[in-house]
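Please keep the sequence and the structure at hand while reading.

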Amino acid sequence: LWTNPIIFDEMPYEGDIPRRWGNLSPEEMARRFWMAVISGAYASHGDTYMRNTAQPVWSNGGLLHGTSPARIGFLRNLLKGSTNIGLNQQVDSYYYSANRPGQLYLWYFDYHRPAQYDFPLPDDSTFTAELIDPWNMSVHSIPGRHRGKTTIKLPRQPYMAVRFKKAT
């Protein structure tokens, strides 16, 4: 059991430089943040876009030019509005998920595009549900109250997420 936060620092950067570590797409950078969070970890961001000079803007500071920082901020705000102590990785047979047991459950479907999914929620609590589109930074309520095995239809798009919060 880890007693300190796990941080993915210096994971490859969003950008367009020739080096393999400096040309992730914005979509991939945002995806890696979701994967870190679902794994119960934290990540750091950087971008390395070539500008008018011969050197990319990165270790010498400057403005960020990528489009993933807004999506990473969206994820941060989702978490901030859900829990103040982070999430635990949850073992799911098929997809990535994390939780605060009995309070919050978050599934991330990565590049998978299922038409529906059977979510294994606890039987002893009731939850509200939301469909999250990380790239378009939108959250849509899913009607109803949910408990136990809950089947929800999904939009057949990659990188979607579903969040369940304990109903009050």
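## Order of the elements

Helices here are DSSP runs of H or I with at least four residues, strands are runs of E with at least two, and both are numbered from the N terminus. The model is a predicted one, and read along the sequence its chain follows the pattern β-β-α-β-β-α-β-β-β-β-β-β-β-β. In total there are two helices and 12 strands.

Of the 168 residues in the chain, 43% are buried. Among the contacts with a separation of 6 or more, 59% are between residues 24 or more positions apart.

## Helix α1

Helix α1 covers residues 26–38, and its length can be checked against expectation: at 1.5 Å a residue, its 13 residues should span 18 Å, which agrees with the 19 Å between its end C-alpha atoms. Just after α1, Gly40 adopts a positive phi of about 85 degrees.

The helix is mostly covered, with 10 of its 13 residues buried. The buried positions are Pro26, Met29, Ala30, Arg31, Phe33, Trp34, Met35, Ala36, Val37 and Ile38.

## Packing of α1 with α2

Two packed helices are described by the angle between their axes and the distance between the axes. The axes of α1 and of α2, which spans residues 68–80, come within 8 Å and cross at roughly 20 degrees. Because angles under 35 degrees count as roughly parallel, α1 is roughly parallel to α2. The crossing of α1 past α2 is right-handed.

On the α1 side, the contact is formed by Pro26, Met29, Ala30, Phe33, Trp34 and Val37, which meet Ser68, Arg71, Ile72, Leu75, Leu78 and Leu79 in α2. By type, the residues of this contact divide into 10 nonpolar, one polar and one charged. The residues that α1 brings to the contact, Pro26, Met29, Ala30, Phe33, Trp34 and Val37, are also listed among its buried residues.

## Ala115 in the loop between β7 and β8

Ala115 lies in the loop that runs between β7 (104–108) and β8 (116–120). Is this residue buried or partly exposed? Its relative accessibility is 31%, so Ala115 counts as partly exposed, given that buried means under 20% and exposed over 50%.

Leaving aside residues up to four places away in sequence, Ala115 touches Ile152, Lys153, Leu154 and Arg156. Ala115 and Gln157 are 42 residues apart in sequence, while their C-alpha atoms are 8.7 Å apart in space.

Technical notes:
Residues numbered from 1 in each chain as written. Predicted model: local features only at pLDDT ≥ 70, side-chain atom pairs only at ≥ 80, totals over all residues. Heavy atoms only, no water. Axes fitted to C-alpha atoms, helices over the stretch in contact; angles between N-to-C directions. Parallel < 35°, antiparallel > 145°, perpendicular 65-115°, else oblique. Left-handed = near helix turned anticlockwise from the far one by under 90°. Contact = heavy atoms within 4.5 Å. Nonpolar A, V, L, I, M, F, W, Y, C, P; charged D, E, K, R; others polar. Expected span 1.5 Å × (residues − 1). Buried < 20%, exposed > 50% of the residue type's maximum accessible area, 1.4 Å probe, protein only.
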